[in-house]
Amino acid sequence: MNVDFSSFSGSLLTRNLNDVLKKEHFLLGSEYLKTLLVCVPKAMMNDWYAKYESLCSMIVPRTTELISQDQDYALFSVTLFQKTEDTFRHKCRENK
């Protein structure tokens, strides 16, 4: 992915993502599954790939996708069952 950082204002943590996100990045219309976005420090990208499936139960395997990155962070999507969303968010915070 070749990204022109000069057009961005702020890091992925703080800026508006409307110009980055597309509906194709999300699983839409599912009663049970949900797509979440996770901003990971670039230095921890390999850890993310190695650990995201084991952060909690009911994560759909191999669903993470790198959407965008800047100098410091990478934005990933991941699909999981809706009922595990709170647990997943908690585990992501624990693994900062």
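In this predicted model, Tyr32, Met58 and Phe81 together make a nonpolar surface patch of about 290 Å². Met58 is placed in the loop that lies between helix H1 (45-51) and strand S2 (65-69). The relative accessibility of Met58 is 32%, so this residue counts as partly exposed.

The cysteines come next. How many disulfides does the structure contain? The count is zero. A disulfide is a covalent bond between the sulfur atoms of two cysteines. For a pair to be counted here, the two sulfur atoms must lie within 2.5 Å. For Cys56, the closest cysteine sulfur belongs to Cys92 and is 7.9 Å away, which is too far for a bond. Seen from Cys92, the closest cysteine sulfur is in turn that of Cys56, at 7.9 Å. Cys56 counts as buried because its relative accessibility is 12%.

The aromatic side chains deserve a longer look. A pair of aromatic rings is described by the distance of the centres and the angle of the planes. Four aromatic pairs are present in the structure. One of them joins Trp48 and Phe88, whose ring centres are 6.3 Å apart and whose planes stand at 75 degrees, so the arrangement is edge-to-face. Trp48 belongs to helix H1 and Phe88 to helix H2 (residues 85-94), and the pair therefore ties together parts that are 40 residues apart in sequence. Both partners are covered: Trp48 is buried at 7% relative accessibility, and Phe88 is buried at 1%.

Another of the pairs is formed by Tyr49 and Phe76. Their ring centres are 5.2 Å apart and their planes are at 90 degrees, so this pair is edge-to-face. Since Tyr49 lies in helix H1 and Phe76 in strand S3 (residues 73-81), the pair ties together parts that are 27 residues apart in sequence. Trp48, Tyr49, Tyr52, Phe76 and Phe88 form one aromatic cluster.

Val40 is 36 residues from Phe76 along the chain, and the C-alpha atoms of the two residues are separated by 7.5 Å.

These details can be set within the whole protein. The protein has two helices and three strands, which follow one another along the sequence in the pattern β-α-β-β-α. Of the contacts with a separation of 6 or more, 67% are between residues 24 or more positions apart. Buried residues account for 35% of the 96 residues. The accessible surface comes to about 6,400 Å², and carbon and sulfur atoms contribute 48% of that area.

Notes
Residues numbered from 1 in each chain as written. Predicted model: local features only at pLDDT ≥ 70, side-chain atom pairs only at ≥ 80, totals over all residues. Heavy atoms only, no water. Patch = residues over 30% accessible without salt bridge, like charges linked within 9 Å, V, L, I, M, F, W, Y side chains within 5 Å. Areas by Shrake-Rupley, 256 points an atom, 1.4 Å probe, with all protein chains shown as cover. Salt bridge = Lys/Arg side-chain N within 4 Å of Asp/Glu carboxyl O. Helix = DSSP H or I, 4+ residues; strand = E, 2+ residues; numbered from the N terminus. Buried < 20%, exposed > 50% of the residue type's maximum accessible area, 1.4 Å probe, protein only. Phe/Tyr/Trp six-rings, centres within 6.5 Å; stacked < 30°, edge-to-face > 60°. Contact = heavy atoms within 4.5 Å.
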